[in-house]
Amino acid sequence: MSKPLYLGQMLLHWCRKCNVPILGKECACGSSTEVVTVTPPGDIRPAFEYDLELINSVSMQQFNAPIIADQRVVVLNKAPYDDRMDEIIVDGEVFGSIRFELDSLKWVLLLRVEGARRLFQSKSLSAMKGWVILEQGAVKFILGGANLLAPGVLDADPYIREKDEVVVLDPNGQIVATGRARMSGERMRERPKGVAVKIRDKEEPCETVVLQGGQVWKEVVDANKQFMEEFIGRSHKFINNVASSMTKPVTVSYSGGKDSLAVLQLVNECLEDFDILFADTGIEFPETVSNVQKVSQLYGKSLRSISSGNAFWESVDSFGPPSVEMRWCCKVCKLGPITQLIEGNYEEGCLTFIGQRKYESGTRAKSERVWKNPWVGNQVGAAPIQDWTAMHVWLYIFMHDLPYNPLYGEGFDRIGCWLCPSCSVADLHRLRETHPEFASKLETYLLGYAERSGLSAEWVEHGMWRWKKLPPRLEEIARAKGIPTIPKAEINAKLEFTVTSGYRPCKQGGVSAEGSFGTAIDLETIESSGMLEAVGRVSFMEGVASIFQGEDSAQVFAAGTVTARSDTEKQVRQLIRYVELSIQRALRCSGCGVCVGKCPHDLIKIKNCIAVIGEGCIHCGKCIDVCPVVKFG
């Protein structure tokens, strides 16, 4: 699991009298609130109808009962995990988490003790699933931090399978713990040696108190009025101060997402004269494009838009599928068009208010609230809701009954390109249900790419295409399932290099370049040749080579893609060019020996009819330009 990050103040409290979430220490009713401890970064949001249906359907599958059986205000907190995981907060208590598990590709409900109490309360065990009863003598060991050993099991649901989520009860029927089965229910009943349940959460047995339900989100808005007025006031002041300090025309960047919608409303409350900007990447959801049109008409403002059309699909064969490390699609489909949009409409540039929030990522938490856009030279960006959580945004949207993108209610927690590699695998699987034609188009391309690269359908199914270097959890799954992850190089493949570069939109500062040979390459041959040493200091890992040139760096992946990072466009272009040429030299060397005489330290030797750069290379690069592969290739 990824490490929790504290990106801002943890703001979730609960009024037990009104039974609603509060963003501060006192409810509008005058009652003091209680802190709800959630996992950082604490970017809390409302649970929509689809979310509740999903949670209850998974609860039914696992335990044969819905965990949220009546009308209640439910809050979700996106917790760090390898894919999607949300903590479920009801009545001011964290009931547990629902997460999409990458090995089984299924949603799983991980109950905490409070959630298990609520789920099993007043129900007969004969009507429930996933229960384990332990002997009274084992209770103290469980509460002391031990796992449940099979000899301590008194009874168990015989239909429990290994790795199922289970609820552990004492002989009196009170909940003691929750965890994951390490053997089947039938096996537990035999009471063999070994761990029966790996315990995750435990508490002393007690009765649970159920607060009065029936609340709706309008009551939450009313209860948080004072806190919202404070945040809205600060944002209004920020907008007015920034706008009055510049002579540039004012614009609002609207993406069809909740954050930019809140910013649009805030700016509309402060200023009369502004335009709306929208860059259609060509791989937007149709609901997003429709929402942009609807919102621009509602506000009666000029919509300045530009579309990338079919640019993604025209470029994907050259670059290969985009990945988290190599999002070439941002430059091709978004950053370039935005630059054109601004330059074509604002001769002196513009001030753009943007829906950026620090709770979204560590990078945005460190970002300035006003900045000069490095990739659009005549645009100044400003973030009025930098300190807002997702809950602030949603309460503001509910407060004004704003027309938010319907995809939020369909199970998507972020709105962007429908095939973005930064999407969770859960979102990509949901895409099959909401937009089967899009999912089919993406999967058809990915399966074809996998077949050409010597990869498998499972590599596509588990979302491994989204990474050039897999995270540890996906590496574990690939090993366990025997899924190949390193593309196979095609012998005598034609190496045509395509490159794009520009400011890194999701990082602070610097310029990146992404390139691709359009086919897998043989990293073993490249490593044995030492050719990349001509560019900089090199290290190899499975499926990737890293090159360091002072503060600049580049990575070469077996899939045939190359990324580079530097401070300027000129430097990054030169770095990726030298990396490309060194790869060409390594894979096409004829052993002519021209480079041998050019090396000032006599470190290049001819071995087995090819040139090899030995240890001690000072990375001067003098051997690169003289190579016939470079000069005439």
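This is a predicted model: local features need pLDDT of at least 70, side-chain atom pairs count only at pLDDT 80 or more; totals for chains, interfaces and linings use all residues.
Residues are numbered from 1 along each chain as its sequence is written. Local features need pLDDT of at least 70 and side-chain atom pairs pLDDT 80 or more, while totals for chains, interfaces and linings use all residues; side-chain values use heavy atoms, without hydrogens and water.

**Exercise 1.** Find which residues form a positive surface patch.

*Solution.* Start with the rule: patch residues have over 30% relative accessible area and no salt bridge, and like charges are joined within 9 Å. The patch consists of K163, R182, K198 and K481. Finally, R182 has a relative accessible area of 34%, and partly exposed covers values between buried (under 20%) and exposed (over 50%), with a 1.4 Å probe and protein chains only.

**Exercise 2.** Work out the strand order of the open sheet of 3 strands.

*Solution.* Two strands pair if DSSP finds at least two bridges between them. The order is 2-1-3, with antiparallel pairing. Strand 2 (20-22) and strand 3 (34-35) are the edges, each pairing on one side only. Strand 1 (residues 13-15) meets strand 2 over 3 antiparallel bridges, and H13 has I22 of strand 2 as its bridge partner.

**Exercise 3.** Describe the hairpin of strand 27 and strand 28.

*Solution.* Strand 27 (residues 604-607) and strand 28 (residues 610-613) run antiparallel, joined by 4 bridges. I606 is partnered with A611 in strand 28. Between the strands lie 2 residues, and N608 takes a positive phi near 50 degrees.

Definitions and conventions
Patches are made of residues with over 30% relative accessible area and no salt bridge: like charges are joined within 9 Å, nonpolar side chains (Val, Leu, Ile, Met, Phe, Trp, Tyr) within 5 Å. Accessible areas come from the Shrake-Rupley method with a 1.4 Å probe; for residues, only the protein chains shown count as cover. A salt bridge is a side-chain nitrogen of Lys or Arg within 4 Å of a carboxyl oxygen of Asp or Glu. Lys and Arg count as positive and Asp and Glu as negative; His and the chain ends are not counted. The place of a charge is taken as NZ of Lys, CZ of Arg, CG of Asp or CD of Glu.
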